[in-house]
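Let's walk through this one together, a piece at a time. Have the sequence and the 3D view open as you read.

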Amino acid sequence: MLLLSRAVAPGLRQACRLKSTPARLCIRACCTNDSFQPQRPSFTFSGGNSSTRRWRVVGTLLGLGAVLACHDQQCRASQESPRRYTREEVKSHSSLETGVWVTLGCEVFDITEFVDIHPGGASKLMLAAGGPLEPFWALYAVHNQPHVQEMLAEYKIGELSPDDKAPSILKTSDPYADDPTRHSALKVNTQHPFNAEPPPELLTENYITPNPIFFTRNHLPVPNVDPDTYRLNVAGPPGGQSLCLSLDDLYQFPKHEVTVTLQCAGNRRSEMTQFKEVRGLEWSLGAISTARWAGARLCDVLAQAGHQLCETEAHVCFEGLDSDPTGTPYGASIPLARAMDPEAEVLLAYEMNGQPLPRDHGFPVRVVVPGVVGARHVKWLGRVSVEPEESFSHWQRRDYKGFSPSVDWDTVDFDSAPSIQELPVQSAITQPKEGETIEAGEVTVRGYAWSGGGRAVVRVDVSLDGGLTWQVAELEGEEQRARKAWAWRLWHLQAPLPAGKKELNIVCKAVDDSYNVQPDTVAPIWNLRGVLNNAWHHVHVHVAP
């Protein structure tokens, strides 16, 4: 026994040293990664007889086995019995001083270190501090994505006690319950908030997009505005008088009509995702539509309030009546020079295709800024002001900006890039569809083309062989006005099929009147938000035998 004791003791001391190592031993011991191969210890002893060496080996193995068994039991216990917390304990951690805890389902997370780097801002995240995330994730459904859940999992510290029952009645309401009914043909990207696009086969069926299938981009729940009590607040200049305009007041301004194409900055984002993952709604090619808008010119309303052009930089800031749980409205801005220019034709629109604006598209009043990205066309307009700086809205300062392909979410600096205003030249194929089988003989290719800033589309080139050879498509409709080409051009090409081809790689690219042309691939224009994709559009089809 003494010999055994002498032999076991060194093993136990070695085991004790193992036991005192950090908790990562437990993590490694519990790891299910097949690539982890534990190192086999080499038990080599010098001196002593073989019997003593055997006992020392036995002692070491016993000591090591005891500790590994202990750690294995601790790992299983930690997996089977996570730390339990009551709702009151979670509630007490609601500040940076106490730590910021939140719950999701029955799980508890300490997100203190994440607060300052939350993409939506610390103030919004702190609304959930000490409580459940569900009411806020119901409002911002973008959080229900795998990469967000994986990120949150890193901050898990335990679970809610099963004895601490949730309140029997949760006094929460669905902020989207009053959203309008939508057309069934729309391809829905997210239901809450509602974002959808028309299918390609309907998109270019008409030059003017019918209201029910006009693409919808909402950031927040749709407000239900009473037109009788609606008021638009227009802040006056220093020393001037502000306006508070009813719909009837707006009707008194000269009515101006203009046909304008709206395009989301994320149109065709899904193609960028195929190259490399980005964050954002998976828009196909339908986040673009055209309507005939009518309303008061913004320059007339601003002039009525006493505003005029100034030598210093200034911006017209817009606030919508849609807001988040903090009461923060959707907001955006455009340069004052554009807003005050009658030739820019910026509208406070109250009609869309001869009808009052649909609720999804800004009823009763929205901004329409011809030639500019859709994010600046603020819907459900509630306030207009002229400021020395652009809007401080999240969607103006922390979104809708382009970056180098080398910039990632660890290095991005939103202050370093200008906000998107005018969009680059764009085109896409709407017929035939990707993967379609076409009849042999002749093919008809259709699509749209548009460029920002009022630049007219002067040519669309189409290739049936992936860009090796090109043909010029026929542009439909009237010639566009120079520098005021606010709407798209629809186009088509009828061409014989190349002999013997079983598959076609159809490509289109547009050229505007400044001779801007689309890049051939996504690679040089890829960016982490997936905006501004105007690479050549490809459609692959099969030819029937």
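What you're looking at is a predicted model, so local features need pLDDT of at least 70, side-chain atom pairs count only at pLDDT 80 or more, and totals for chains, interfaces and linings use all residues. Residues are numbered from 1 along each chain as its sequence is written, and side-chain values use heavy atoms, with hydrogens and water left out.

Back to Tyr 400, which sits in the loop between helix 13 (394-397) and strand 19. Helices (H or I, at least four residues) and strands (E, at least two) are DSSP runs, numbered from the N terminus. The phi of Tyr 400 is near 55°, a positive value in a residue other than glycine. Most residues other than glycine have a negative phi, and most peptide bonds are trans. Arg 483 also has a positive phi, about 65°, without being a glycine. Arg 483 is found in the loop between strand 24 and strand 25, and is partly exposed, with a relative accessible area of 48%.

On to the cis peptide bonds. One joins Phe 363 and Pro 364, with omega about 10°; Pro 364 has its place in the loop between strand 16 (355-356) and strand 17 (366-368). Another runs from Gln 431 to Pro 432, with omega near 0°, and Pro 432 lies in the loop between strand 19 (426-431) and strand 20 (437-438).

Now zoom out. The protein has 13 helices and 27 strands, and buried residues make up 47% of its 545 residues. Take contacts, meaning heavy atoms within 4.5 Å: among those with a separation of 6 or more, 70% come from residues 24 or more positions apart.

What about the interior? A nonpolar core is a set of buried Ala, Val, Leu, Ile, Met, Phe, Trp, Tyr and Cys residues joined through side-chain atoms within 4.5 Å. The largest such core has 50 residues, and Leu 298 and Leu 381 have the most contacts inside it. Leaving aside residues up to four places away in sequence, Leu 298 touches Val 316, Phe 318, Ile 334, Ala 339, Val 346, Leu 347, Leu 348 and Val 384. Apart from that core lies another, of 22 residues, including Ile 429, Trp 491, Ala 495 and Leu 497.

Strand 25 (residues 489-496) is worth a look as well. Six of its eight residues are buried, so strand 25 is largely enclosed by the rest of the structure. Strands of a sheet pair through backbone hydrogen bonds, either parallel or antiparallel; here, two strands pair if DSSP finds at least two bridges between them. Strand 21 (residues 442-450) runs antiparallel to strand 25, and eight bridges join them; Ala 449 has Arg 489 in strand 25 as its bridge partner. Strand 24 (residues 474-475) also pairs with strand 25 in the antiparallel sense, over two bridges, and Glu 474 stands opposite His 492.

Elsewhere there's an open sheet of five strands, in the order 10-9-18-13-14, with mixed pairing. Strand 10 (243-245) and strand 14 (329-335) stand at the edges, each with a single partner strand, so one side of each is left without a neighbour in the sheet. Strand 9 (residues 232-234) and strand 10 run antiparallel, joined by three bridges. Within that pairing, Val 234 has Leu 243 in strand 10 as its bridge partner.

Last, the aromatics. Rings of Phe, Tyr and Trp (its six-membered ring) pair if their centres lie within 6.5 Å; planes under 30 degrees apart count as stacked, over 60 as edge-to-face and the rest as tilted. By this rule, there are 11 aromatic pairs. Trp 470 and Trp 536 form an edge-to-face one, 5.1 Å centre to centre with 80° between the planes. Trp 470 lies in the loop between strand 22 (457-463) and strand 23 (471-472), and Trp 536 in the loop between strand 26 (503-512) and strand 27 (537-543), so the pair ties together parts that are 66 residues apart in sequence. Trp 470 is partly exposed at 30% relative accessibility, while Trp 536 is buried, at 18%. Phe 214, Phe 215, Trp 283 and Trp 293 form one aromatic cluster.

Note on methods:
Buried < 20%, exposed > 50% of the residue type's maximum accessible area, 1.4 Å probe, protein only.
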